[in-house]
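Hi,

Here's the structure I said I'd pass along.

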Amino acid sequence: MFKDLLPPATAVCHATSKMWETTVRPDEEAHIANAVEKRKREFRAGRNAARQALCQLDSQFNPHTTSLLPGEKRQPLWPDHIAGAITHSADQCYAAVALKSNIKSLGIDVEESEPLQSNILKMICTPEEIKWLSSLKDGLFWAKLIFSAKESIYKTYFPICHSYLDFLEATLEIDRANETFSATILVDTCDTLGTQTLEGRFTITDNFVYTAVWL
Ligand SMILES: CC(C)(COP(=O)(O)OP(=O)(O)OC[C@H]1O[C@@H](n2cnc3c(N)ncnc32)[C@H](O)[C@@H]1OP(=O)(O)O)[C@@H](O)C(=O)NCCC(=O)NCCS
């Protein structure tokens, strides 16, 4: 799914059922030693999928010698020349990677396509977004898409700026016909990001929404 959303310079892996079961490198396993089974499975799927994606990107990559440890804020620590992202939801897990010489940073997110819970709407969506959503008959469904898009934005933003970005610190315009979105960051960003606007693409299936952002 993400292969169609992201530029051709990106390698994507959809985790196989075996990847959810297969343990990862010992230093990676140490991070989930005390985690519940569900968390162990999704972490393993993400790391195994990420290594598979890296093998697709670079035939010289040795998956047996490279750990992908989590950083201080849970961001995956990719090799220096790699931009990448991981997402999981229910039984879906994807990893996407690219050379930084082609793509500076990227974010992907998959969510179950149920409507957003109305009690968190104001924590996720800006007043402008809520105004747009109110004009739609299935506004809470599109709010879920905004939620996913903002998670993809955060996964793109964080590795560059190394700072938290709240859901209300970006506002989105969604082009439903073209399945694209544009996010304006409402706070000062870091110089290395070099923009206040991030663009992304989305697709919707019966059960899931998928969003992707890249720079
Ligand atoms: C980090 C966050 C985006 C993860 O989203 P999620 O729906 O819970 O879970 P997903 O499965 O889609 O993604 C989880 C993966 O995101 C990645 N991730 C987590 N923190 C990250 C960070 N700071 N930067 C980049 N990637 C990160 C990890 O790979 C993680 O999987 P792993 O722990 O198994 O490695 C979310 O939990 C969060 O903290 N959101 C608040 C910030 C935000 O989204 N702001 C919106 C700004 S517009």
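Helix 7 gives the largest share of the shell around the ligand, with 5 residues. Keep in mind as you read on that this is a predicted model.

As for where the ligand is, it sits in the largest pocket. The elements that contribute two or more residues to its shell are helix 4 (37-57), strand 2 (82-89), strand 4 (106-112) and helix 7 (139-161). Both domains take part: domain 1 (2-103) and domain 2 (108-214) each supply at least three shell residues.

Sorted by class, the shell holds 10 charged, 9 nonpolar and 3 polar residues. There are 22 residues around the ligand, and the ones that come nearest are R39, R47, H88, D109 and E151.

On the side-chain end, an N or O atom of K155 is 2.8 Å from a ligand oxygen, and an N or O atom in the side chain of E111 is 3.4 Å from an oxygen of the ligand. L165 uses its backbone instead: one of its backbone N or O atoms lies 2.8 Å from a ligand nitrogen. Taken on its own, the ligand has 920 Å² of accessible area, and the protein covers 88% of that.

Cheers

Note on methods: Residues numbered from 1 in each chain as written. Predicted model: local features only at pLDDT ≥ 70, side-chain atom pairs only at ≥ 80, totals over all residues. Heavy atoms only, no water. Near = heavy atom within 4 Å. Polar contact = N/O pair within 3.5 Å; in protein donor to acceptor, adjacent residues only side chain to side chain. Areas by Shrake-Rupley, 256 points an atom, 1.4 Å probe, with all protein chains shown as cover. 1 Å grid on protein atoms, 1.4 Å probe; cavity = no way out; pocket = protein on both sides within 12 Å on 5 of 7 lines; lining within 4 Å. Sits in = over half its atoms within 2 Å of the grid points. Helix = DSSP H or I, 4+ residues; strand = E, 2+ residues; numbered from the N terminus. Nonpolar A, V, L, I, M, F, W, Y, C, P; charged D, E, K, R; others polar. Domains from an automatic or database assignment.
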